Amino acid sequence: MKTHANARIDSEQGPLHRRLIERAAAVDDGNILRVAFFALLLGTASVLYVDYRELTANEGAALAMPMRPILPPYDPEGPADGNSPNVTTSPQVLEQPLEITLGTGGQLLLTGSIDLGSAARFAAEIEARGEYVQTVVLDSPGGSVVDALAIGSLIHEKGLATKVAAGSLCASSCPIIFASGAERIASPEAAIGVHQIYAAALSGDPQNALRVAGTAMSDAQTTTAEIISHLTKTGVDPALWLHALETPPDRLYYFNPEEMTRLKLVTQLADS
């Protein structure tokens, strides 16, 4: 029940509300849009400033450090749950910079994280031992997308096969390499997964943080276009990368054998 004081306040506020509405209605639509636009710019600048402060909090030293690779739980007895793949390679091995070693039967083994410069080392190995290498065997949590695209392009150019064995991991940018094989062989027990592109490392110059933040979206879009073009060229259904676009960078979308076949990611499912 309203008191006399409340009634008096309502009576005084009524004309005030009407005056505010009338003034708002009198504002030109163009002015409203301009105010909204500048408010949006201000909000964006505030977010970038907060990101900038966080990036430079450690005097720029941390800016040169890449994000750690995303790894599923290591469980030699089996997956932690029904949806997790059973990766038997230890996280310590997978976190190391990419190791390129010559195996038996024309196999070249790529094990570990795809660090910057991996493509150059891979190209040197192919140049030195190209006549012997027939299949590139992958066990990697991914890493540099630029290097993965370069490695994949060379594999496609040379007509080499790719393989992911049971218990091995091929995640993040690694499936770009796997998709490049003339023949793409994977075990149904292989862990092959993707996620969104992210900036793996930033410039060590703190003054560059705002520029990096401002161009990250453009760079991601350009790189995504390159990935889709590469997948199309190698005969893989580019719809595969939709799962990457929909999966946050701190998670992985793992493909089951039916999906790998339907999306033409594999040409052969093999138990070995």
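Two strands pair if DSSP finds at least two bridges between them. In this predicted model, β3 and strand β4 (residues 161–164) meet that condition, pairing in the parallel sense over three bridges. Within β4, Thr162 is the bridge partner of Val136.

These strands belong to an open sheet of six strands with mixed pairing, ordered β1-β2-β3-β4-β6-β9. Because β1 and β9 (268–269) stand at the edges with a single partner strand each, one side of each is left without a neighbour in the sheet. Helix α4 packs on the sheet, where it touches β1, β2 and β3, and its direction makes about 15° with that of β1.

Helix α4 (residues 118–129) has 12 residues, which at 1.5 Å a residue should span 16 Å; the end C-alpha atoms are 16 Å apart, in agreement. Its buried residues are Ser118, Ala119, Phe122, Glu125 and Ile126. Seen down the axis of α4, these buried residues fall within an arc of 125°, so they line one face of the helix. They pack against β1 (99–102), β2 (107–111), β3 (135–139) and α5 (145–158). The face turned away from the buried side of α4 carries the exposed residues Ala120, Glu127 and Ala128.

A search of the whole structure finds one aromatic pair. The ring centres of Tyr253 and Phe255 are 5.4 Å apart and the planes lie at 75°; the pair is therefore edge-to-face, since planes over 60 degrees apart count as such. The accessibility of the two residues is as follows.

| Residue | Relative accessible area | Class |
|---|---|---|
| Tyr253 | 25% | partly exposed |
| Phe255 | 5% | buried |

Methods: Residues are numbered from 1 along each chain as its sequence is written. This is a predicted model: local features need pLDDT of at least 70, side-chain atom pairs count only at pLDDT 80 or more; totals for chains, interfaces and linings use all residues. Side-chain values use heavy atoms; hydrogens and water are left out. Rings of Phe, Tyr and Trp (its six-membered ring) pair if their centres lie within 6.5 Å; planes under 30 degrees apart count as stacked, over 60 as edge-to-face and the rest as tilted. Buried means under 20% relative accessible area, exposed over 50%, partly exposed in between (1.4 Å probe, protein chains only). Helices (H or I, at least four residues) and strands (E, at least two) are DSSP runs, numbered from the N terminus. The expected span of a helix is 1.5 Å times one less than its number of residues. The arc is that of the directions from the helix axis to the C-beta atoms. Contact means heavy atoms within 4.5 Å. Axes are lines fitted to C-alpha atoms, for helices over the stretch in contact, and angles run from 0 to 180 degrees between N-to-C directions.
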